[in-house]
Amino acid sequence: MATIELQNLTKAFGDLIAVDNVSLKVEENEVLCLLGPSGCGKTTTLRMVAGLETATSGDILIGNKNVNNLDTRDRNLAMAFQFYALYPSLTVAENLANPLHADNLSDEEIKKKILEVADILQLREIVNRKPHQLAEGEKQRVAVGRAIIRDPECFLFDEPLSRLDVQLREQMRGQIKEVLSDLKKATVIVTHDQLEALTMATKIAVMRDGLIEQVSSPHDIFAKPNNTFVAGFIGTPQMNILECNINEINSSIIKIKVLDQEVEIDFKTSLNVNKNDSYFIGIRPRSFEIVDNNTLDNFSGTIELIENMGSEILVHVKNNHLTFRSVQSRSHKLNIGDVINLKPKNGQVHLFNKSGEVIRNE
Amino acid sequence: MKKRAIGQAGWLWTSLASVVAFIYFFPVLFIILTAFRSRSDTLATPPKWFFTPTFDNFYHIFFRSMANSTEYVATGFHMYFFNSIYISGMSVLLALLIGTLAAYGFSRHPLRGNDTYMFIILTTRMLPPIIVIVPIFLIFRITGLAGTYTGIILMYTAFNLPFSIWMMKSFFDELNTEIEDASRMDGASERSVFFGVCIPQVKAGLAATSVFALILTWNEFLFSLLLTNKLTRTMPPAMARTIGGEINVDYGLLAAMICLFIIPIFLITYLLQNQLLRGVTFGTIKK
């Protein structure tokens with residue numbers, strides 16, 4: 001049982017700073033997802049924890065012990081790789097056994113462990129096959145099996161599900177989550193898929209350009225984004241982020257001008273904002289409800305496009321050259337060209353300042 | 001694309017391929033036949049296709065009468081044959097050993113200006129070797145390397161290194177480095193990552209590179225002619241001397257020598273053909 005702690009970790013490749021002064025802590029029992037777009041430094045961070053990449057500066061502590069100068073094999077970690085990294089010439093059983101060789105176990109103990117892991121991940125049928133005879137999902141399970149067969153301090157997963165198709169991904173997501181919750185170890189998962197992060201993690205760290213943008217629980221990351229990047233990155237369809245101007249402040253009720261119309265929004269608590277300054281408001285497409293009359297508490301616009309999303313529809317509403325999007329139930333009979341009034345739901349409007357940071361009164 | 005098993009091509013393609021193969025093989029066939037002809041049969045016009053085979057030519061490679069004498073003496077050819085095998089073998093092994101290590105380094109631990117180094121290594125193969133023959137001859141004479149096994153082996157190793165490094169680097173570049181990282185996670189040392197994980201995966205590359213280097217070294221004439229002496233001479237210059245030393249050329253003898261000369265290279269290529277085929281097609285198959 002051990003924690004993973006990163007202190008001011010930085011990695012530069014020449015002039016490019018891939019990871020910039022990252023500090024993080026993963027507690028025992030905690031599953032941390034490093035989430036971010038491609039090239040944000042999340043995999044580099046993971047590889048530094050594994051010791052496959054040397055940090056330019058900063059410290060890595062595993063179980064409160066500094067491992068900066070420790071070789072990969074002495075760190076006692078297990079990692080599952082994006083492309084599975086199975087040894088092509090070895091069978092599934094031999095692949096699973098490989099991490100055990102360092103532990104000097106007897107053949108029987110090794111066999112027992114292989115069968116144990118094979119049972120957990122439903123690999124019993126295929127233990128004697130070679131990797132090229134496996135389906136993608138089976139390879140993925142073997143890769144996970146190889147990571148969990150030993151009893152390492154912590155687990156690292158690099159994009160574990162990115163190569164699976166949608167159906168299999170959903171299924172494996174649940175399975176991995178189950179396996180991880182049984183293991184009760186500090187785990188780091190790297191992913192670019194927010195759904196993966198939101199479902200599997202107990203804590204999410206959103207990264208961009210080598211920097212940590214926000215570290216929170218999956219719920220808070222979604223409900224209380226710290227800045228416009230996190231707000232836009234998490235959640236589909238993407239949050240509407242619109243430039244606005246504050247016209248009037250009346251304790252918690254702020255009158256803003258957005259999309260060429262004045263709207264009053266009740267933020268429930270007084271915010272530290274200035275009159276006549278410009279800000280951004282963020283409202284998720286699912287945070288609107290349709291109302292009959294255009295009053296001061298709702299937005300109005302013309303429907304420009306309707307996208308079918310199965311049980312729901314995504315409505316593009318245009319007003320004065322600016323569009324915003326709203327998800328509505330199929331039961332509303334909406335047509336292109338209709339004028340629609342949308343009222344943001346209570347407490348689901350986010351306000352950001354000019355540089356994109358959230359303004360919130362905790 | 002429809003997949004077709006080997007041996008299932010249509011008769012048209014098969015016969016066309018046979019004709020092409022025969023055209024390619026014809027000179028070799030002619031040499032082999034000549035090696036078994038007697039002297040009078042060799043010079044007959046039109047060529048005699050049916051004759052009584054004789055092993056005289058092969059015997060004469062090792063024992064024959066020298067000018068103006070009827071007594072048969074040993075020619076020392078077995079020694080040249082051994083020299084060729086020893087020198088080629090050693091230089092190919094050395095080039096493979098150094099080349100593989102260097103290629104792994106260039107591939108996995110790139111230096112600042114890695115591509116420049118790789119290019120400089122390649123430039124040594126851009127000039128025809130004859131350009132450097134005078135300085136090399138002088139260097140060899142001054143250092144006392146001329147006429148020694150060490151000298152010619154080093155020379156051939158230097159010849160083989162550039163493309164050994166280039167070929168092996170491309171094979172290492174093709175590997176999935178995640179497997180190496182995975183074995184590091186599994187507790188492997190850097191040495192066992194190289195020997196246990198990387199080398200087994202580039203077996204085909206090693207085979208292709210060694211056959212390539214072997215053919216080049218085996219056939220090399222110029223440097224062997226100048227840098228070896230009577231004791232360390234390899235087959236190509238030794239064969240050439242057989243033509244030049246006599247009043248007229250003994251084609252039968254020469255053909256027999258060629259037969260012996262191609263046997264080792266033929267055997268090795270045959271033994272490695274599976275690996276070789278994989279090696280040649282390696283880069284063209286998507287992972």
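Analyst: Happy to. In helix H4 of chain A, the buried residues are A:Lys139, A:Gln140, A:Arg141, A:Val142, A:Ala143, A:Val144, A:Gly145, A:Arg146, A:Ala147 and A:Ile148. Please keep in mind that this is a predicted model. H4(A) covers residues 136-148, and its 13 residues reach 19 Å from the first C-alpha to the last, close to the 18 Å expected at 1.5 Å a residue. Because 10 of those 13 residues are buried, H4(A) is largely enclosed by the rest of the structure. A residue counts as buried here if 20 or more other C-beta atoms lie within 10 Å of its own.

What does the covering? For the buried residues of H4(A), the cover includes strand E6, helix H2 (92-97), helix H3 (107-120), strand E7 (154-158) and helix H5 (166-183), which belong to chain A.

Let us take E7(A) first. E7(A) pairs with E8(A) in the parallel sense over 5 bridges, and the bridge partner of A:Phe155 in E8(A) is A:Thr187. Strand E8 of chain A, residues 186-191, is mostly covered, with 6 of its 6 residues buried. In a regular strand, side chains alternate between the two faces of the sheet. In E8(A), A:Ala186, A:Val188 and A:Val190 point one way while A:Thr187, A:Ile189 and A:Thr191 point the other way, and all are buried. E8(A) is also joined to strand E3 of chain A (residues 31-35) by 5 bridges, and these two strands run parallel. There, A:Leu35 stands opposite A:Thr191 of E8(A).

Now for E6(A), which is part of the cover over H4(A) and also leads us to the other chain. Between the chains, 15 residues of chain A are in contact with 12 residues of chain B. On the chain A side, the largest share, 3 residues, comes from strand E6 (residues 77-80). That side of chain A divides into 11 nonpolar residues, 3 polar and 1 charged.

A few words on the partner chain. Chain B contains 14 helices and 2 strands, and its C-alpha trace spans about 75 × 65 × 35 Å along the principal axes. Of its 287 residues, 28% count as buried. Among contacts in chain B between residues at least 6 apart in sequence, 74% join residues at least 24 apart. One residue to look up there is B:Leu271, found in helix H13 (residues 251-271) of chain B. B:Leu271 counts as exposed because it has 12 C-beta neighbours inside 10 Å.

Another part of chain A to view is an open sheet of 5 strands in the order E15-E19-E16-E17-E18, with antiparallel pairing. Its edge strands are E15 (288-291) and E18 (322-329), each pairing on one side only. The twist averages 50° from one strand to the next. Within this sheet, strand E16 (residues 299-308) and strand E17 (residues 312-319) of chain A pair in the antiparallel sense over 6 bridges, and A:Ile303 has A:Val317 in E17(A) as its bridge partner.

Definitions and conventions:
Residues numbered from 1 in each chain as written. Chains lettered and ligands numbered in written order. Predicted model: local features only at pLDDT ≥ 70, side-chain atom pairs only at ≥ 80, totals over all residues. Helix = DSSP H or I, 4+ residues; strand = E, 2+ residues; numbered from the N terminus. Contact = placed C-beta atoms within 7 Å. Nonpolar A, V, L, I, M, F, W, Y, C, P; charged D, E, K, R; others polar. Expected span 1.5 Å × (residues − 1). Pairing = 2+ DSSP bridges. Axes fitted to C-alpha atoms, helices over the stretch in contact; angles between N-to-C directions.
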